[in-house]
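Q: I have not looked at this one before. Can you walk me through it?

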Amino acid sequence: MILGASCRAAAASATAAGLEVHAADLFGDLDLRAASFRIAEPYPAGLAAAAAGFPPAPWLFTGALENYPDLIASIAETRFLAGCRPEAIRLVRDPDHLAAAVFQVGLAFPDTRRDPRGIPTDGSWLVKPLRSAGGHGIRPWRGSGDAARQGGLPVGSIWQRRLAGQSWSVAYLLTPQGGRLIGLTRQFIGRRWCGAGPFAYSGSVTVAKPRGRSPWAGQLQQLGDLLAGAFDLRGLVGVDLLRDRQNRLHVIEINPRPTASMELFERSSGRSLIAAHLAACGLPQSSLPRHRDPGRGSWAKVILFSDRLLSIDEAVVTGLEAAAACPSDGWPRVADIPRPPSAISAGRPVCTVFAHGETPQAASRRLRQRAGAVASALRRTAQPASRRCAGSGSATYCIR
């Protein structure tokens with residue numbers, strides 16, 4: 001059983017591992033046709049209601065359910081949780097505790113406050129909700145007056161010094177024996193060409209892992225061991241990092257569950273990461289044959305966001321499914337295809353586009369070209385919606 005805001009990638013990985021999947025999320029994309037599926041309405045309480053209707057089975061969660069450890073604990077009372085325990089989630093999501101821990105392995109953490117008094121209001125600091133994922137709700141701090149005009153601040157906001165640099169994400173597989181570094185991606189944040197908001201996670205591209213004498217190699221291994229040991233995290237875990245202009249690594253946050261970028265490593269290796277996650281959590285899986293391996297190089301993905309309220313009908317779906325076909329390497333070029341009929345609000349995700357290249361730069365260039373072609377096709381086929389759709393689909397939900 002898989003629960004979260006979006007389950008498509010994890011469900012596809014579990015299905016590839018030969019598992020029967022029961023899933024509930026906000027979108028119900030057509031990619032989930034192989035799973036027993038329910039829409040989680042309202043979110044997140046609807047996830048618990050959906051879980052109650054599924055057959056007995058172990059379960060795992062995806063983003064952004066880590067924001068609700070009490071809900072995780074409630075579901076885990078009657079089902080085996082293949083993932084991080086609620087107590088461990090609370091600990092690693094506490095910025096004060098996390099900062100003290102990462103300093104021990106030689107990594108940095110942004111200056112973080114829980115009170116805005118005395119903080120500059122020139123945009124050099126960010127205000128961030130503690131309950132967030134994918135960059136939702138982050139904005140430059142301009143003072144309380146500006147916050148009031150934008151609808152106020154979420155309960156539990158923090159203030160963090162804004163850093164300049166390159167955003168990375170590190171994927172770990174954590175067991176009682178320590179942390180295994182699966183891979184490293186460079187993150188696309190707030191890319192306007194795909195319609196993303198200023199701080200929204202827009203996608204990723206795989207890059208080479210640090211090796212040999214690189215100071216990062218030792219630091220990242222120590223960080224993985226710290227998360228597995230002191231924080232007692234298990235299974236697939238992601239870490240958002242920022243590399244500053246002095247090549248120093250700053251830990252931004254820990255995502256104690258499978259993350260959006262991890263499916264790129266699955267495409268690179270041809271092996272199910274969810275099977276590895278279950279094994280790390282005490283549910284061994286049999287060895288599986290590889291998917292067709294595209295060979296050396298980098299994989300990249302980007303999320304396309306809608307620039308207006310769109311109506312999704314069968315013609316749109318037919319076009320997206322045609323764009324997804326990729327006989328050369330066996331992997332779909334487009335995923336997260338919305339179910340018709342539905343409406344997608346401006347600023348909300350429409351679908352995900354993938355590309356492969358010999359280098360991260362080549363993969364990124366091909367990705368932008370492919371995403372542009374898909375976006376153009378969407379503009380030709382998807383009609384502006386005259387009113388909001390009251391049914392299922394990504395139009396009516398907001399990830400918190």
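Q: Which residues in α7 are buried?
A: This is a predicted model. In α7 the buried residues are Trp216, Ala217, Gln219, Leu220, Leu223, Gly224, Leu226, Leu227 and Ala228.

Q: What do the buried residues of α7 pack against?
A: They pack against two helices, α4 (86–92) and α5 (95–103). They also pack against the strands β9 (165–175), β10 (178–189), β12 (235–244) and β13 (249–255).

Q: How far apart are the end C-alpha atoms of α7?
A: They are 21 Å apart.

Q: What does Val251 touch?
A: Leaving out residues up to four places away in sequence, its contacts include Leu98, Val102, Phe109, Pro110, Leu223 and Val239.

Q: New topic, the open sheet of four strands. What is the strand order?
A: The order is β3-β2-β1-β4, with parallel pairing. At the edges are β3 (36–39) and β4 (60–61), each pairing on one side only.

Q: How many bridges join β2 and β3?
A: Four, in the parallel sense. One partner pair is His22 with Ser36 of β3.

Q: Which helix lies across β1, β2 and β3?
A: Helix α2 (residues 45–52), which runs at about 160° to β2.

Key: Residues are numbered from 1 along each chain as its sequence is written. This is a predicted model: local features need pLDDT of at least 70, side-chain atom pairs count only at pLDDT 80 or more; totals for chains, interfaces and linings use all residues. Side-chain values use heavy atoms; hydrogens and water are left out. The expected span of a helix is 1.5 Å times one less than its number of residues. Buried means under 20% relative accessible area, exposed over 50%, partly exposed in between (1.4 Å probe, protein chains only). Contact means heavy atoms within 4.5 Å. Two strands pair if DSSP finds at least two bridges between them. Axes are lines fitted to C-alpha atoms, for helices over the stretch in contact, and angles run from 0 to 180 degrees between N-to-C directions.
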